[in-house]
Amino acid sequence: MSPSSERWLDREAGPVVRPYARTRGRTRPEGAGFELIAVVAATGVPPGDRLRYSPDHARVLRGCARPIAVADLSADLGLPVGVVRVLLGDLRDEGLVAVAAEAEPAEGRRPPNGVLREVLNGLRAL
């Protein structure tokens with residue numbers, strides 16, 4: 001292995017690839033974003049021009065074969081959530097994935113301020 005290629009390899013982690021390299025420098029999907037708990041699923045429409053998609057797009061599409069939450073998809077693929085959101089946006093724009101369900105806030109179902117304050121204090125203690 002040459003010295004220049006050795007700096008891009010972490011023996012324990014594998015090749016080092018920056019997240020923005022996977023998304024061509026984009027940090028957000030076009031259009032509406034994806035909540036962490038949004039459930040996405042492949043639409044079943046066959047992808048047209050396969051050369052247009054990266055291997056990461058293909059992995060995300062395969063991961064959406066069954067409905068799955070964005071956070072779970074990110075964990076399953078070992079990709080940062082931001083990267084998964086951008087790739088999902090690309091696939092959504094092509095009609096290959098759709099949001100199957102989104103969590104809706106329950107009207108009038110907010111925890112008391114005391115509970116929120118305790119949670120905040122607990123987080124600060126970490």
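D56 is a buried residue, with a relative accessible area of 11%. Here, buried means under 20% relative accessible area, exposed means over 50%, and partly exposed covers what lies in between, using a 1.4 Å probe and protein chains only. The model you are looking at is predicted, so local features need pLDDT of at least 70 and side-chain atom pairs count only at pLDDT 80 or more, while totals for chains, interfaces and linings use all residues. Residues are numbered from 1 along each chain as its sequence is written, and side-chain values use heavy atoms, with hydrogens and water left out.

Let us stay with D56 for a moment. Its salt-bridge partner is R59, and the closest N and O atoms of the pair are 3.5 Å apart. A salt bridge here is a side-chain nitrogen of Lys or Arg within 4 Å of a carboxyl oxygen of Asp or Glu. Both residues belong to helix 3 (residues 55–63), where they sit 3 residues apart, about one turn of the helix. Side chains of opposite charge can pair when their charged atoms come close.

How many salt bridges does the structure hold? There are 2. Besides the pair in helix 3, R92 forms a salt bridge with D93, with 3.9 Å between the closest N and O atoms. R92 is partly exposed at 22% relative accessibility, and D93 is partly exposed too, with a value of 47%.

Now step back to the whole protein. It has 6 helices and 5 strands, which are DSSP runs numbered from the N terminus (helices are H or I, at least four residues; strands are E, at least two). Starting at the N terminus, the order of elements is α-β-β-α-β-α-β-α-α-β-α. Of the contacts between residues at least 6 apart in sequence, 73% join residues at least 24 apart; a contact means heavy atoms within 4.5 Å.

What about the surface? The protein has 126 residues, of which 24% count as buried.

Finally, look at helix 6 (residues 113–125), where V119 is found. V119 is partly exposed, at 48% relative accessibility. Together with V115, L123 and L126, V119 makes a nonpolar surface patch of about 440 Å². Such patches are made of residues with over 30% relative accessible area and no salt bridge, with nonpolar side chains (Val, Leu, Ile, Met, Phe, Trp, Tyr) joined within 5 Å and like charges within 9 Å.

Technical notes
Areas by Shrake-Rupley, 256 points an atom, 1.4 Å probe, with all protein chains shown as cover.
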